Amino acid sequence: PSFSSKVVGIKAATDWDADFTYDYETLRVGGLIFAGVVVFLSFVLLLGNRVRNCGKTKRKPVVEEDY
């Protein structure tokens with residue numbers, strides 16, 4: 001059977017008044033992937049400046065002005 005016939009079959013068999021149930025395995029895998037992406041991006045953001053500047057911080061020259 002083709003994909004479209006499976007989708008139509010699922011729509012016809014769906015009981016919209018039934019209690020909602022979670023697909024916990026898909027929810028868990030999606031959550032782990034999301035958490036991994038967030039951790040990876042946080043490392044990139046935190047370490048990106050250090051890698052680019054070789055760990056050296058640029059200091060602005062202090063200009064003293066007399067008032």
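The model is predicted, so local features need pLDDT of at least 70 and side-chain atom pairs pLDDT 80 or more, while totals for chains, interfaces and linings use all residues. Residues are numbered from 1 along each chain as its sequence is written, and side-chain values use heavy atoms, without hydrogens and water.

Visitor: Why is the pair of tyrosine 22 and tyrosine 24 called tilted?
Guide: Rings of Phe, Tyr and Trp (its six-membered ring) pair if their centres lie within 6.5 Å; planes under 30 degrees apart are stacked, over 60 edge-to-face, and the rest tilted. Here the centres are 5.8 Å apart and the planes at 45°, so the pair is tilted.

Visitor: What makes tyrosine 24 exposed?
Guide: Its relative accessible area is 60%, and exposed means over 50%.

Visitor: Why is valine 44 called partly exposed?
Guide: Valine 44 has a relative accessible area of 43%, and partly exposed lies between the limits for buried and exposed. Valine 44 lies in helix H2 (residues 24–52).

Key:
Buried means under 20% relative accessible area, exposed over 50%, partly exposed in between (1.4 Å probe, protein chains only). Helices (H or I, at least four residues) and strands (E, at least two) are DSSP runs, numbered from the N terminus.
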